[in-house]
Amino acid sequence: MNLCDIRTVRDILSAFGTGTKKSFGQNFLINQSIPERIAENCCDDNDSVIIEIGPGIGCLTAELAKRYKKVIAFEIDETLIPVLKYTLGEFKNVEVINQDIMEVDLAAVISEKAQGEKISVCANLPYYITTPILMRLLESRIAFDSITVMVQAEVAARLSAAPGTADYGAITASLCYYGQPQKLFTVSAGNFMPAPKVNSAVVRIDLYREKPVVPKDEDRFFKVIKAAFGQRRKTLVNALQTGFPNYSKEDLTAIITECGFDERVRGEKLSTADFAAIADKMA
Ligand code: SAM
């Protein structure tokens, strides 16, 4: 069964009395080479357990199951559960869980079903909730080896941007605290059913075992990043003053210059390590 053949996708959905739902961000892949390529490149160790978010009718799930030890897939849409039972019936190493990834206690599921295993995440993410899912995974403190996601091309550009470029923002600086992102490849809109308005891209994040940047106070570090990009057009001093009203402009200017930056610097020029240095000086 070719789960990426457009007629097969339509026939299976209609046979099970369901269809694609915009509210769940359902854009199914209809080009077999793409799930193959994503599965091939999402993880370096075939002995890993892969957490998949949103299996849809299972085209990426099947490719993951062929290559890795086990796949645990979370699907929010209950109408797809019998579909997945049918399409993935031949794979004994797949477990589908009918749950919202934003609600599930992922650490508990992993400790119950994959204790001691190497874990990676792989997903063609629903576009309506990309960043919240990504931040939830990163903030979970689960020791994933890698997280590979297909997202809108413009989001992929932001995730993998370098400091000082137009795409660099709070999400990039925060993400680089947890790991190293790299864009793998672009996928044009015509490879999905229904076709979205924009192209997509696959980004892989290799998570640090030991973070190279360790701020003294993580909350303050993230607050500095948020403040710096909350007012992108302002200098860092002015942006920080809005986020940290208890600090005077003189104090903030001193902190920034003591860290080796020009007092007129903007947040978009600073790396994750630079933000940590400034947050530490604010202690
Ligand atoms: N993996 C399939 C593919 O590549 O063709 C489907 C990808 S589709 C872009 C996103 C999938 O995520 C859909 O199956 C949708 O129902 C599911 N989904 C949406 N929100 C979700 C959530 N909060 N938790 C789990 N799954 C979700």
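Biologist: What should I know about the numbering and the model before we start?

Modeller: Residues are numbered from 1 along each chain as its sequence is written, and side-chain values use heavy atoms, with hydrogens and water left out. This is a predicted model, so local features need pLDDT of at least 70 and side-chain atom pairs count only at pLDDT 80 or more, while totals for chains, interfaces and linings use all residues.

Biologist: How are α8 and α9 oriented to each other?

Modeller: Helices here are DSSP runs (H or I, at least four residues; strands are E, at least two), numbered from the N terminus. The axes of α8 (residues 170–178) and α9 (residues 218–230) come within 9 Å and cross at roughly 155°; axes are lines fitted to C-alpha atoms, for helices over the stretch in contact, with angles from 0 to 180 degrees between N-to-C directions. Angles under 35 degrees count as roughly parallel, over 145 as roughly antiparallel, 65 to 115 as roughly perpendicular and the rest as oblique. Therefore α8 and α9 are roughly antiparallel.

Biologist: Which residues of α9 does α8 meet?

Modeller: Contact means heavy atoms within 4.5 Å. On the α8 side we have A170, A173, S174, Y177 and Y178. Their partners in α9 are E218, F221, F222, I225 and F229.

Biologist: And how does α2 lie against α3?

Modeller: The axes of α2 (residues 33–41) and α3 (residues 59–67) come within 9 Å, crossing at roughly 40°. That makes the two helices oblique.

Biologist: Which residues come nearest to the ligand?

Modeller: There are 23 residues around the ligand, where near means a heavy atom within 4 Å. The nearest are G54, E75, D100, N124 and Y128.

Biologist: What distance separates the N124 side chain from a ligand oxygen atom?

Modeller: A polar contact is a pair of N or O atoms within 3.5 Å; within protein, one must be able to donate a hydrogen and the other to accept it, and residues adjacent in sequence count only if both atoms are side-chain atoms. Q26 has a polar side-chain atom 2.9 Å from a ligand oxygen atom. For an N or O atom in the N124 side chain, the distance to a ligand oxygen atom is 2.8 Å.

Biologist: Which residues are joined by a cis peptide bond?

Modeller: Look at the loop between β8 (192–193) and β9 (200–207), where P194 lies. Omega is about -10° at the cis bond joining M193 and P194.
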